[in-house]
Amino acid sequence: MSNETIDSFHRGKFRVIQPLGQGHRSGMDAMLLASLVASDKPCRVADLGAGAGAAGMAVASRLENAEVLLVERSPLMADFARKSLALVENERFSSRVSVLEADVALTGRARVAAGLADDYFDHVIMNPPFNDASDRKTPDALKAEAHAMIDGLLDMWVRTAGAIMKPGGQLSLIARPESIATIISACGRRFGGIEITALHPRTGENAVRILVTAIKQSRARLTLRAPLIMHEEDTHKFSAFVDDLNNGRAAYRRRR
């Protein structure tokens with residue numbers, strides 16, 4: 001029995017090799033995160049905590065002028081990303097994507113020495129761990145590490161994003177709604193112009209995710225955007241726009 005799967009994204013436009021039964025497996029969250037990167041010119045993108053690289057590869061697949069760095073601490077998950085980039089289905093963008101094994105929480109000279117230079121990227125994306133550390137633990141240690149939010153971890157990730165991003169660069173992340181206060185606090189004075197969009201399964205149902213973007217050194221006020229509804233009424237069919245975001249046919253652009 002194989003301990004990995006090869007999963008298609010963007011209606012077969014690219015594929016990602018992912019672990020079976022261990023570690024974090026990417027899906028729609030990664031595709032929605034990737035949709036937050038909108039650029040009509042060449043750009044450098046860092047995917048922090050990239051796992052097997054699905055979100056970063058989705059950016060490279062949709063944007064022909066994007067250079068993407070997949071940053072992952074786990075040697076196992078970084079190896080899955082490298083194997084994915086070697087797939088023939090990913091040849092059209094693999095030369096624009098690289099993998100860096102590094103801890104996102106590194107600071108100062110240690111971070112720079114690891115390969116994350118100051119003021120370099122136009123976009124930083126992240127799907128940070130979303131479970132409170134007190135939540136029920138998974139027996140899979142690698143998955144637990146990918147999903148558990150220890151105290152101060154989000155602030156560390158946002159701090160790194162602010163350090164490696166150019167002034168005016170965009171931070172993008174996907175998280176659970178209960179993380180709103182932590183995200184706003186982590187952005188602090190590093191990022192402004194925060195835009196938050198709630199993602200609801202259906203009309204009348206509570207949000208299950210939030211999409212967040214912010215701009216380095218911006219002083220613009222926070223904006224709560226109109227919610228996105230995932231499914232058409234009384235069906236499991238995705239709404240047209242969400243389906244376009246999920247399959248790389250559209251970007252979810254900022255309002256300002």
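Is Arg249 buried, partly exposed or exposed, and what is its relative accessible area? Arg249 is partly exposed, at 43%, where buried means under 20% relative accessible area, exposed over 50% and partly exposed in between (1.4 Å probe, protein chains only). The views below come from a predicted model, in which local features need pLDDT of at least 70 and side-chain atom pairs count only at pLDDT 80 or more, while totals for chains, interfaces and linings use all residues. Residues are numbered from 1 along each chain as its sequence is written, and side-chain values use heavy atoms, with hydrogens and water left out.

View 1. Arg249 pairs with Asp244 in a salt bridge whose closest N and O atoms are 2.7 Å apart; the term stands for a side-chain nitrogen of Lys or Arg within 4 Å of a carboxyl oxygen of Asp or Glu. Asp244 is partly exposed at 25% relative accessibility. Through shared partners, salt bridges join Arg11, Asp243, Asp244 and Arg249 into one network.

**View 2. Lys83 meets Glu4.** Across the whole structure, a search finds 17 salt bridges. In one of them, Lys83 and Glu4 bring their closest N and O atoms to 2.9 Å. Lys83 belongs to helix 3 and Glu4 to strand 1 (residues 4-9), so this pair ties together parts 79 residues apart in sequence. Helices (H or I, at least four residues) and strands (E, at least two) are DSSP runs, numbered from the N terminus. Both partners are partly exposed, Lys83 with a relative accessible area of 30% and Glu4 with 26%.

**View 3. Asp103 meets Arg73.** Here the closest N and O atoms of the salt bridge are 3.3 Å apart. Asp103 sits in the loop between strand 5 (97-101) and helix 5 (108-114), and Arg73 in the loop between strand 4 and helix 3, so the pair ties together parts 30 residues apart in sequence. Asp103 is partly exposed at 26%, and so is Arg73 at 43%.

**View 4. Met57 in the largest nonpolar core.** A nonpolar core is a set of buried Ala, Val, Leu, Ile, Met, Phe, Trp, Tyr and Cys residues joined through side-chain atoms within 4.5 Å. The largest one has 43 residues, and Phe14, Met57, Val59 and Val68 touch the most other members. Elements that each supply at least two of its residues include strand 2 (14-19), helix 2 (54-62), strand 4 (66-72) and helix 9 (240-246). Not counting residues up to four places away in sequence, the contacts of Met57 (heavy atoms within 4.5 Å) include Phe14, Val16, Leu70, Leu85 and Phe93.

**View 5. A nonpolar patch on the surface.** Ile184, Leu222 and Leu224 form this patch, with about 270 Å² of accessible area together. A patch of this kind joins nonpolar side chains (Val, Leu, Ile, Met, Phe, Trp, Tyr) within 5 Å, from residues with over 30% relative accessible area and no salt bridge. Areas come from the Shrake-Rupley method with a 1.4 Å probe. Leu222 is in the loop between strand 11 (209-216) and strand 12 (223-224), and is partly exposed at 41%.

**View 6. The surroundings of Phe238.** Look for Phe238 in the loop between strand 13 (228-229) and helix 9, where it is partly exposed at 25% relative accessibility. Leaving aside neighbours within four places in sequence, Phe238 is in contact with Met28, Met230, His231, Glu232, Asp243 and Asn246.

Terms used: Patch = residues over 30% accessible without salt bridge, like charges linked within 9 Å, V, L, I, M, F, W, Y side chains within 5 Å.
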